[in-house]
Protein chains: 2
Amino acid sequence: MTIADVANRANVSKTTVSRILNGNYAHTTEQTRDRVLQAIKELDYRPNALAKGLKSMKTNVVGIMLSNLKNPFWSTVLEGVEDTCHDLGYNLMICNSDEDEQLEEEYMREFRMRQVDGVIINPTGKNSPLYDSLIMEQYPIVFINRRVQNENASNVIVDNVKGAYIAVNHLLRYGRRKVAICMYRNAYVSTWKERLEGYKQALLANGFSESDLIIMELEEKADTKKESIIRLLKKHADIDAIFSTNNMITLEVIGALRELNLQVPAQIAVVGYDETVWAKYLDPPLTTIRQPGYQMGQRAAHNLIEMLSGKQRQQAMDMLEPELIVRASCGAIPGDTVLQPN
Amino acid sequence: MTIADVANRANVSKTTVSRILNGNYAHTTEQTRDRVLQAIKELDYRPNALAKGLKSMKTNVVGIMLSNLKNPFWSTVLEGVEDTCHDLGYNLMICNSDEDEQLEEEYMREFRMRQVDGVIINPTGKNSPLYDSLIMEQYPIVFINRRVQNENASNVIVDNVKGAYIAVNHLLRYGRRKVAICMYRNAYVSTWKERLEGYKQALLANGFSESDLIIMELEEKADTKKESIIRLLKKHADIDAIFSTNNMITLEVIGALRELNLQVPAQIAVVGYDETVWAKYLDPPLTTIRQPGYQMGQRAAHNLIEMLSGKQRQQAMDMLEPELIVRASCGAIPGDTVLQPN
DNA sequence: TTGAAAGCGCTAACAA
DNA sequence: TTGTTAGCGCTTTCAA
């Protein structure tokens, strides 16, 4: 079933069919239009998007590259991207770099061969030259979640410094004095650096000094995260609070605390990063920093597509607000009003 | 950058370049081959997949249609699909019907216009005529998770009757006498019917009768699931166990039990469906039925692509095994060996 | 061993 | 208002 078949059946030229298909009714008799639409219906004709894309150099497809499909946070982001793309008439290709720089490069190449109109990417952070060259040649790309070190990069991120700050500040306000941060060791990723920075700022703002920082670092790919945490907890036996910078880490922390028989929040308070469906059902219910994942996806898709339609340059740094959700694990009295950061 | 540019630079015809690109070295001098490969490299030439697809009527893209991006279970499935597609040289398009039959039809149409080679779908169940016609015209499609009522449909599902059976049987073996099932009211979806069937079979096999069935039905889209559960729990005040048929329902059940101050497992035992990252960190740790989501994705992609390569017909019904993971919520002694179903 | 030319299904400049 | 024609970038038949 091609446009030629429709043209034949309706006794018009392919051009006419094409025009009508694309809503170009201006110069068309109502009569021929009806005839063509009729033929389209009768033949159940579906235009070939490949041919259309080849001709018009535009596919109405955008690509999204995630770096981790195991963390449910990304489902939410994906949902936002997908909904928005659909609303704006785009389809979506997806891939998963799995934090691997080689794969990231390979997939980027594949997206381009497939002529996607643009891509949304949670960068591994390990391919700076790639990001730079993409930006240099004005390839339509929006970086999400992680900041890319390039003035001209279009970013949609959450304010990680602030998120960490309000988490740690909250712990300190409720009287904790020995607050540790638990994070992945990953030199490439801005999110960790920024959450560490927020942690630090909160301590300093509350009268502590650099020497009060307690940093517990984990290997992201290791299978022994819980064991590492247990070791670190034993090493820093005097800590009275943990700020965990990622929802997967938080679960490991909870496991470790349980194994050591440490009471939360009586002995150790916990605040986690990433609000999740399960946070409020943990024991005790978990205080978290909510990141607006759905909104991040929406915004990224929206910005990218606006970029494509050639509107003027987007604000390069689109920063979303994190939010503290107070439950019992931080030692705040449940039902208490949520504290505002200083 | 087109194939013509490469041809020019290497002083050969487009044909020759094309042949070399596709590994068709048989009839080519090593010398020209090197010259061409050199030119490709120098120009950083990326073949246009649209043109290739248009010509060859094959895109090496498969589509996946999910019906719900909110449930983390699907991330796992997606990961399996994506990994497998990548391994086999395919790219992936994704969309989300959100359980909406209209959207499902629309997306299916879009996939076909984009000439994807085949699709993997978790069907809403509401478009039987669509599924039937797709199957009739031999369109390459694999249905996952939910069974489609058509002998010629290619399915990858988990054995839901068995999953429910081993869950409920386990509860009964540990002495529970009043076991309720908690599920969505959804006439279209095989999974619910089958889990209900497994529940029933387990009761009957243990000497109970039809009159002992206690069915708690919830509206999937409602915001008041917890309230409904509370109402139903009050109505059936004598139940001593709940078999929850979905991980999202399980969380609501836990919330309801907590609100009613019912002790788990002392007063009410709970077994949930879908093993999740968080199940073991709940209070008490949750006994669940594990579904092999990653494997389901792998298998679906694998079967689809095999279908595409024209190998003989797949086994139409590919059934995976669920598994009981015993923790404290069901009242079994932790550390006890896992019970086998009769 | 290599190349010329036709054509995949569509759009758009130009002509009628 | 409608049609003719060329061409998007690639593959493939057929010829050299």
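The model is predicted: local features require pLDDT of at least 70 and side-chain atom pairs pLDDT 80 or more, whereas totals for chains, interfaces and linings use all residues. Residues are numbered from 1 along each chain as its sequence is written, and chains are lettered from A and ligands numbered from 1 in the order in which they are written.

Chain A is superposed on chain B by a rotation of 180° with 0.0 Å of shift along the axis, at an RMSD of 0.1 Å. Within chain A, M93(A) has the C-alpha nearest the axis, at 2.1 Å. Both copies use the same surface: 100% of the contact residues of chain A recur in chain B.

The interface joins 36 residues of chain A to 36 residues of chain B. Contact means that the C-beta atoms of two residues, placed from the backbone, lie within 7 Å. On the side of chain A that touches chain B, two or more residues come from each of α4 (49-56), α5 (73-87), β2 (91-96), α6 (101-113) and α11 (247-259) of chain A. Helices (H or I, at least four residues) and strands (E, at least two) are DSSP runs, numbered from the N terminus. β2(A) gives the most to this side, with six residues. By class, this side of chain A holds 20 nonpolar, seven polar and nine charged residues. Ala, Val, Leu, Ile, Met, Phe, Trp, Tyr, Cys and Pro count as nonpolar; Asp, Glu, Lys and Arg count as charged; the others, Gly among them, count as polar.

β2(A) pairs with strand β2 (residues 91-96) of chain B in the antiparallel sense, over three bridges. Pairing requires at least two DSSP bridges between the strands. M93(A) has M93(B) as its bridge partner in β2(B).

DNA strand C is surrounded by 25 residues, the closest being T2(A), I3(A), S18(A), A51(A) and S13(B). A residue is near the strand if its C-beta atom, placed from the backbone, lies within 6 Å of it. α2 and α4 of chain A, with α2 (14-21) and α4 (49-56) of chain B, each give two or more residues to this surface. α4(A) gives the most, with five. The surface near DNA strand C has 13 polar, seven nonpolar and five charged residues.

Just after α2(A), G23(A) takes a positive phi of about 70°.

Definitions and conventions
Least-squares fit on C-alpha atoms with pLDDT ≥ 70 in both.
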